[in-house]
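Please load the model in a viewer and keep the selection panel at hand.

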Amino acid sequence: MTPRAQVEAFLREQPGLFAGVPDENGAGLQLFETGTGKSLHVEWADLTDAVLRRTSLRPAPYLVLVFQDGRQVALADVGFAFAPSIASTGPLPDLPQTFCFRDFRHLAQGIEAILLEEGREREALSALLLAIALLDGARVAGFEVGREERTLMGLLRRLEERGIRV
């Protein structure tokens with residue numbers, strides 16, 4: 001089965017997770033994650049493979065899109081999943097192999113909660129670094145992350161105002 005046929009079959013077999021809007025010229029597809037509204041444009045010519053996978057960790061199958069430039073993005077029950085990037089942060093302990101946009105929402109909410117307590121600034125900084133790696137990975141994968149970056153900048157500003165207490 002061609003990568004295009006795999007994507008189209010996945011969208012039919014896993015309804016409600018993603019919506020696909022074909023390009024007018026038929027050369028690609030705009031994929032929308034229904035939970036967040038995030039989107040990814042896929043040019044069929046840029047897609048080298050689409051592999052259906054299953055894991056014991058997730059009950060539903062997921063589809064890994066492999067692009068000619070080496071990028072990989074999974075279509076999963078959690079939405080788009082992608083690898084983090086440590087280009088801005090350097091190596092991070094306990095960095096997951098993949099993230100999704102739900103993870104960003106959870107990290108941001110966790111940082112908010114941590115910043116309400118005194119003496120937890122180092123934890124907030126660690127979570128901020130994970131969020132930066134997540135957003136850098138999303139950007140590399142081809143996603144627009146301006147809204148999330150503004151959220152992150154607000155959290156970083158709050159942390160900077162408090163400083164790190166030893």
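The tour names what to select at each stop and describes what is found there.

**Conventions**

The model is predicted: local features need pLDDT of at least 70, side-chain atom pairs count only at pLDDT 80 or more, and totals for chains, interfaces and linings use all residues. Residues are numbered from 1 along each chain as its sequence is written, and side-chain values use heavy atoms, with hydrogens and water left out.

**Whole chain**

Begin with the protein chain in cartoon form, which shows 4 helices and 8 strands. Helices (H or I, at least four residues) and strands (E, at least two) are DSSP runs, numbered from the N terminus. Along the sequence the pattern is α-β-β-β-β-β-β-β-β-α-α-α. Taken along the principal axes, the C-alpha atoms fill a box of roughly 60 × 35 × 30 Å.

**H2 against H3**

Select H2 (101–115) and H3 (residues 121–141). Their axes come within 9 Å and cross at roughly 160°; axes are lines fitted to C-alpha atoms, for helices over the stretch in contact, and angles run from 0 to 180 degrees between N-to-C directions. That angle makes H2 roughly antiparallel to H3. Angles under 35 degrees count as roughly parallel, over 145 as roughly antiparallel, 65 to 115 as roughly perpendicular and the rest as oblique. The crossing of H2 and H3 is left-handed, a term for a near helix turned anticlockwise from the far one by less than a right angle, with right-handed used if clockwise.

Show side chains next. On H2, the contact (heavy atoms within 4.5 Å) includes Phe101, Phe104, Leu107 and Ile111, and on H3 it includes Ala124, Leu128, Ala131 and Leu135. By class, the residues of this contact are 14 nonpolar, no polar and 2 charged. Here Ala, Val, Leu, Ile, Met, Phe, Trp, Tyr, Cys and Pro count as nonpolar, Asp, Glu, Lys and Arg as charged, and the others, Gly among them, as polar.

**H2 against H4**

The crossing is left-handed. Phe104, Ala108 and Ile111 are among the H2 residues in contact, and Thr151, Leu152 and Leu155 among those of H4. The classes here are 9 nonpolar, 1 polar and 4 charged.

**Pockets**

Which residues line the second largest pocket? Select Thr36, Phe101, Phe104, Arg105, Ala108, Arg147, Glu148 and Thr151 to display them. H2 gives the most to this lining, with 4 residues. About 150 Å³ of space lies in this pocket.

Finish at the largest pocket, which holds about 600 Å³. Of its 27 lining residues, Ala74, Ala81, Phe82, Thr98 and Phe99 are the closest to its centre. Elements giving two or more residues to the lining include strand S5 (58–67), strand S6 (72–76) and H3. The lining has 16 nonpolar, 6 polar and 5 charged residues.

On a 1 Å grid over the protein atoms alone, a pocket is an open set of points where a 1.4 Å probe fits, with protein on both sides within 12 Å along at least five of seven lines; lining residues have an atom within 4 Å of a point. Grid points are joined across faces, edges and corners, and a volume is the space filled by probe spheres set on the points.
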